[in-house]
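Welcome! Here are a few exercises for getting to know a new structure, each with a solution that goes step by step.

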Amino acid sequence: VVPAGVDPAEVFVASGDAPRPRAQARTLRGKAQRDWNPASGPFGGASGLWASATVMLDLLRSALIEGSPLDPRRTPNAWEGSAPRHTVHGAIMRQGGYVLVDTDEQLVAVGHVIGGTPGRGSERAEKLVRAALKRR
């Protein structure tokens, strides 16, 4: 995170010492849904970096800086799509996210959803981002 200009004190890897998530999926009756432990589960790479939404957005904005670690113009990279729009989907159990970076427009758009069908969160987040971009 340091090469991306983010203070490492504001980001940490999930562990047994990590604070409980502030947002949690709930049933229709309000009972908290149980998710796997991102510190020890199989999806640590997808859910093991914890930070506030503001800090994560700062980290993602670094993708707009040519040559930065998250720059989608670098190869190889994990971005989907082709220039100038690059995307990433991510989902764990009942949460999902979608990130869109447009290097021509210098735009970063992020969607995150909690709840719903396990494994479908990133699709719902993508729909939210695409709808928001149509309104701008």
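**Exercise 1.** In which sense do strand 5 and strand 6 pair, and over how many bridges?

*Solution.* Before starting, note that this is a predicted model, in which local features need pLDDT of at least 70 and side-chain atom pairs count only at pLDDT 80 or more, while totals for chains, interfaces and linings use all residues. Residues are numbered from 1 along each chain as its sequence is written, and side-chain values use heavy atoms, with hydrogens and water left out.

- Strands (E, at least two residues) and helices (H or I, at least four) are DSSP runs, numbered from the N terminus.
- Two strands pair if DSSP finds at least two bridges between them.
- Strand 5 and strand 6 pair in the antiparallel sense, over 8 bridges.
- Within this pairing, Y98 stands opposite G111 in strand 6.
- The hairpin of the two strands has 4 residues between them, and Q106 takes a positive phi near 55 degrees.

**Exercise 2.** Work out which residues of strand 5 point which way, and whether they are buried or exposed.

*Solution.* 

- Buried means under 20% relative accessible area, exposed over 50%, and partly exposed in between (1.4 Å probe, protein chains only).
- In a regular strand the side chains alternate between the two faces of the sheet.
- Here Q95, G97, V99 and V101 point one way, G96, Y98, L100 and D102 the other way, and all are buried.

**Exercise 3.** Find the residues that make up the largest nonpolar core.

*Solution.* 

- A nonpolar core is a set of buried Ala, Val, Leu, Ile, Met, Phe, Trp, Tyr and Cys residues joined through side-chain atoms within 4.5 Å.
- The largest has 8 residues: Y98, L100, L107, A109, V113, A125, V129 and L133.
- Contact means heavy atoms within 4.5 Å. Leaving aside neighbours within four places in sequence, V129 is in contact with Y98, L100, A109, V110 and G111.
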